[in-house]
Amino acid sequence: MCIIAGVVLTVIGAVGAWLQHDAPGQRAQSRTEFTADNPPAGLPTALTTGQHLDWSSCASPPTARAGYDCATMKAPLDYRKPDGQTIDVALIRRKATGPNARRIGSLVLNFGGPGVSGVSGLPEFLNQYKPLLDRYDLVSFDPRGVGATIPVRCGKTADDTGYDGADACAEHSGPLLPYVGTLHTARDLDLMRYLLGDERLHYFGVSYGTALGAVYAHLYPSHVGRLVLEAPVDPTEDLDEKQVSQVKAVQAAFDRFAAHCAARIRHCPTGDGPEEAARRMARLADRLEKKPAPAGAGKNLDADDLAYAVSDHLDLGTDGWGPLAKALTALIDHNDGRLLSKGADGIGSADRAATPPDNSRAAQTAITCADSSLRPGFERLDRDEARIKAASPVFGAAWSTGVYLCYDWPFDGERATLQVNADGAAPVLVVGGTGDPTTPYSGARRMAGALGDGVGVLLTAQEEGHGTYPQNRCVTETVDQYLRTGRTPAPGTMCRGSLS
């Protein structure tokens, strides 16, 4: 799945203490803090020139207690009333390790979702971006509604971080719900840019993070620095269209896995090809619907869990195909769901795995529904549910429940599709994989085009999986060169990979 149904990239473990100020007995480098002269327009001086980020040791998460700094940024709750109520936005930073004179500024990271905590995510994903620390401070944050930034509560009680439906969201977080959408968070990014001391925003967004970065470019084209949008969402599709595209993409990825399995894996659990695989998966789903399989730690695996877990493995690209075959064999032959469930939890996508086990589902729903103006009636719900089921024999039933996500949401959303045209902005690097099962490659092409002529620059990777950085060497070298120098690749650049 993706921003709606939930999945992305590989979790990389935290690293050891390798920054200079972490090493005992070494003198910390002298450091000049940057300052910017272009504060966001229309905000009170108390939030701009009168505000300074007070970086100090992080209290949480435990993985951030060594080598990281944390701070809180004051921002308007409602940017239409900038002198009104303020909120606290939680930030985390890993300082650059290279020479001070070569430091470019801060690179702000968003790891996807919506609903992913950047404060938890930066220590978890640091290894992926480690080579960039010689030129950038790496910075992330908890977007609105997530983690420590006005967290949305939608459980049975005000303290419950689970999800109990739209009525519970309205009861416990109603005053916040109109202000957690991407437009407000993009405005937080510009205030963050200024307080970090950068004249222009340098940014790396993955999956949902591409929506946030593209909206920022639309709102502040003159403040765009070096922006990377990896595994992009399609800005031309509304919420319903996205779900149809996603389920077709994950089905296509499963079909490629099934063909590989039949050709290369002895005793392939999905049979002699995609058609047989679909039949076997249908029988398995029917069996699990009647009686879920034990999955360890007191959990059971039902038909929907089967679809989501298989999708998580597919998001890993070809690295996930061998483990997926083993896990399906254990489930089909021995009714043992532990490998499939554990594999999805342990090697799942960045969006799912990086999201802390607190209010992730509530935040995902609240942000998605704040962004989307679609509020379908029952007639359209039935029609859309049928379309999604028909689009994928393996994943359609599980994905089809997504049509109900916002139908009874208590507040209107911003618009049906993203507005991302950014005429006049510096070039933005858009990176798409041709075999992406979560954000289809067609969305990368449309994102590059929608940003505007001379703005969106598309880099294509012939890869399976959701996201290609840093897995694909060519992509990594091209992206890193862009972030270090500002030079974009030539139009039509293609990186070879597992699909070559």
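**View 1. Helices α6 and α7 cross.** The axes of helix α6 (residues 274-290) and helix α7 (residues 303-315) come within 7 Å and cross at roughly 135°. Helices here are DSSP runs of H or I with at least four residues, and strands are runs of E with at least two, numbered from the N terminus. Axes are lines fitted to C-alpha atoms, for helices over the stretch in contact, with angles from 0 to 180 degrees between N-to-C directions. The two helices are therefore oblique to each other, a label for angles that are not under 35 (roughly parallel), over 145 (roughly antiparallel) or 65 to 115 degrees (roughly perpendicular).

This is a predicted model, where local features need pLDDT of at least 70 and side-chain atom pairs pLDDT 80 or more, while totals for chains, interfaces and linings use all residues. Residues are numbered from 1 along each chain, and side-chain values use heavy atoms, without hydrogens and water.

**View 2. Who meets whom between α6 and α7.** From α6, Met 281, Leu 284, Ala 285, Leu 288 and Glu 289 meet Ala 303, Leu 306 and Val 310 of α7; contact means heavy atoms within 4.5 Å. Seven of these residues are nonpolar, none polar and one charged (nonpolar: Ala, Val, Leu, Ile, Met, Phe, Trp, Tyr, Cys and Pro; charged: Asp, Glu, Lys and Arg; polar: the others, Gly among them).
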